[in-house]
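Good morning, and thank you for coming. I ask you to look at the sequence and the structure while I describe how the chain is packed.

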Amino acid sequence: MLVAGVDSSTQSTKVVLCQAEDGVVVAQASAPHPDGTECDPRHWWDALGQARELLERADAVAVAAQQHGMVALDDGGAVVRPALLWNDTRSAPQASALREEFGGPRAWAERVGSVPVASFTVTKLRWMAENEPENARRTAAVLLPHDWLTWRLGAAEYVTDRGDASGTGYWSPGGYLPELVRGALGHEPQLPRVAAPGEAVGETEWGALLAPGTGDNMGAALGLGLRGGDVVVSIGTSGTAFAVAEKPAADPGGFVAGFADATGRFLPLVCTLNAARVLSSAAELIGTDLDGLSVAALAAEPGAGGLTMLPYLDGERTPDRPDATGVLAGLTTANATRENLARAAVEALLCSLADAVDHLVAQGIRPRRTLLIGGGARSEAVRTLAPAIFGTPVIVPEPAEYVALGAARQAAWALAGTAEPPDWPEAPSTHHTAGPADASDVRVRYAALRDTPI
């Protein structure tokens, strides 16, 4: 039996075809998406269509996709406007207003598990209501990207899962909170039914079973087979740090999103806007590629000669500074070298993500090891410096499409009809431990720059 897992991310669609019993990948495909912070969903569908021949070999299919995106549909199921994506920060003022209107950060954390920022779907609904009132009036249903793709593939109704629903800002473990949707949009649209973990929700036109799908981070957790004490740090377009937990998080500071996972548990998560692009931007600044940046960074001394970077190049989500820019501090004639700039960029990226892990620790997570994934994990400098900055052993699973693999594992779960997902083998990985260099001074200087009013 074969199962297909889809990862519909900001940048592309990736599909893996796996053996249902053990997750061995037998084929894969990919296609790009347009760049930007909003996207007509038809581009996702067209990209998925390029893997149609591969999909039709599957006995079951599941879709994992970028979280938070607002897909507004009219009463005939047509898309009202291009989907606003997670990385669209235009709704920052609306996020601030909603936080205050509904009782402040603590009330949101207690009711929803998360304090809304511009990424969250609920803030995008309010932005549309204020700036595109006719589109808001036409909106009869609101879906997330994975919901829309699952529906187009053949779901019997609009359907989602608890993992992706937990990123909307209007769902809690007890169900939807319709008063928050009405308060944001001005009326109550149809919302997708929240399926049970592992439930079959429909059938494709070629007869494959459809699983409910999930959000991308929940898909990655399934694909990696996370256990207690595992913290995942993903360095992609965004940076994320997350772990599986038995109890929901409720962080009134708004740093930790109290997400659910795709299995019935929870997935406290911290997200940063600036991740792999910090490395690519620094590489461009010193006139090299990513491999060259890594070589240069490892040629510099720890601490980059006193050079410290704040990597908020495109604003930031954690901390919530949508209008922030990057900062380079401590620059002198003595340390103004390409090697120090490269080192400062890598250290800044890792310090930002270590801050994210610290927020998880404050919510009760106890890391015993860090799993490093995403494009940024391919950097030798990142792998080498990470253990000292994170303060744990670092495991780097071999490069793979873990979001798509998690979706495939969910598809296999729906196909099997069991109480828990199939127990696929852990991916091969490399292990990294800290060298003699102490990273505490690096983190202290980074924190001082982070907390300095600019």
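A residue is called buried when its relative accessible area is under 20%, exposed when it is over 50%, and partly exposed in between, using a 1.4 Å probe and protein chains only. This is a predicted model, in which local features need pLDDT of at least 70 and side-chain atom pairs count only at pLDDT 80 or more, while totals for chains, interfaces and linings use all residues. Residues are numbered from 1 along each chain as its sequence is written, and side-chain values use heavy atoms, with hydrogens and water left out.

Let us begin with helix H12, residues 290–299. Helices are DSSP runs of H or I with at least four residues, and strands are runs of E with at least two, numbered from the N terminus. Which residues of H12 are buried? They are Gly292, Leu293, Ser294, Ala296 and Ala297. These buried residues pack against helices H11 (276–285), H13 (338–362) and H14 (380–390), where contact means heavy atoms within 4.5 Å.

I turn now to the whole chain. The protein chain contains 16 helices and 24 strands, and buried residues make up 58% of its 454 residues.

Finally, the cores. A nonpolar core is a set of buried Ala, Val, Leu, Ile, Met, Phe, Trp, Tyr and Cys residues joined through side-chain atoms within 4.5 Å. The largest has 60 residues, of which Val3, Leu125, Met128, Tyr170 and Phe242 touch the most other members. Helix H15 (residues 402–416) gives the most to this core, with 9 residues. A second, separate core of 53 residues includes Val233, Ala304, Ala354 and Leu449.
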